[in-house]
Amino acid sequence: MELTQLKYFLEVAQTQHVTKSAEKLHIAQPALTQAIKRLEDELDIPLFAQKGRVIILNPYGQYFYKKLKPLVESLCALPEELRQMAKLEHSTVRLNVLAASRLVTEAVIKYQRLDKNLKIEFTQNEETELFDICITTRLFYRHESETDNISVTTEKIFLAVPNIAKFKKRVSITLDEVANENFISLLGSKQLRAICDKYCQTAGIRPNIIFESDSPEAVKKMIGANIGIGFWPHFSWGPLDAKNVRLLEIAEPNCSRDILITYKKNKADNARVEKFYKFLTEYFKKNSDM
């Protein structure tokens, strides 16, 4: 069956008149009659019945029409849908955010004021390669691909402690000094957790994690309540505005992590992604220098 034949059948089924259908389709009446006859011969089933001066669908034709109409409509709509997909693809940037989510969110909000038609899709998946830009942490056990464009920003990691007497006059601390303290950590932040565990191992301590939360704000409140201490990446989680919590620089070992912004050239036209990537890397650099 050819698509043209099927379109002819649907038209005749709707008008119930071969001559009117031929005029509407801009073809000769005999050609339309022959196309319908060939379709019926191919199916080996009659689809129409004569009724006075018009033709109507018989039960087989009615069933065929009911099943065929949505299929042909879907096929005819495909070219426009593909054009819209291509247009959407051009205006969409897929972000895989595995680190510094607060800073990424701020950057996206600022950038969308400059490009209101840009669509940002967020995901958080360590396994996926389906992204245009990925914000992640350089991990000591994994090597990045040399084929990608990668920008690196170094982020210092502080120790957040309650503002109590034993920490009040301190501006820095070593990790071995807090070996017996309870730790509060961020639940689900696997990359940050792996790096902080590595620093504790370097310092020869094993942190006693008594609670994990999925909210930096909750971590801050628990530290302020003198329940424990915790690592605090300074521009990923933002400044501390709580009077009952202090940030101490970790003097030994040197605690910092590399934030990697990776850009893949996935599209035929990467100009829009490239522009956002440049904005994002500059935004990170500006904030890391503050």
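Colleague: Hi! Is arginine 257 buried or exposed?

Modeller: Arginine 257 counts as buried, because its relative accessibility is 5%; buried means under 20% relative accessible area, exposed over 50% and partly exposed in between, with a 1.4 Å probe and protein chains only. This is a predicted model, where local features need pLDDT of at least 70, side-chain atom pairs count only at pLDDT 80 or more, and totals for chains, interfaces and linings use all residues. Residues are numbered from 1 along each chain as its sequence is written, and side-chain values use heavy atoms, leaving out hydrogens and water.

Colleague: Thanks! Where does arginine 257 lie?

Modeller: In strand β12, residues 256-263. Helices (H or I, at least four residues) and strands (E, at least two) are DSSP runs, numbered from the N terminus.

Colleague: And which side chains make a polar contact with the side chain of arginine 257?

Modeller: Those of threonine 137, at 3.0 Å, and glutamate 155, at 2.8 Å. A polar contact is a pair of N or O atoms within 3.5 Å; within protein, one must be able to donate a hydrogen and the other to accept it, and residues adjacent in sequence count only if both atoms are side-chain atoms.

Colleague: New topic: which residues are buried in helix α8?

Modeller: In α8, residues 216-224, the buried ones are Val219, Lys220, Met222, Ile223 and Gly224. Their cover includes β6 (149-162), β8 (182-186) and β10 (230-233), counting contact as heavy atoms within 4.5 Å.

Colleague: What follows α8?

Modeller: Asparagine 226, with a positive phi near 65°.

Colleague: Last one: where is leucine 78?

Modeller: Leucine 78 sits in helix α4, residues 59-90, and is partly exposed at 37% relative accessible area.
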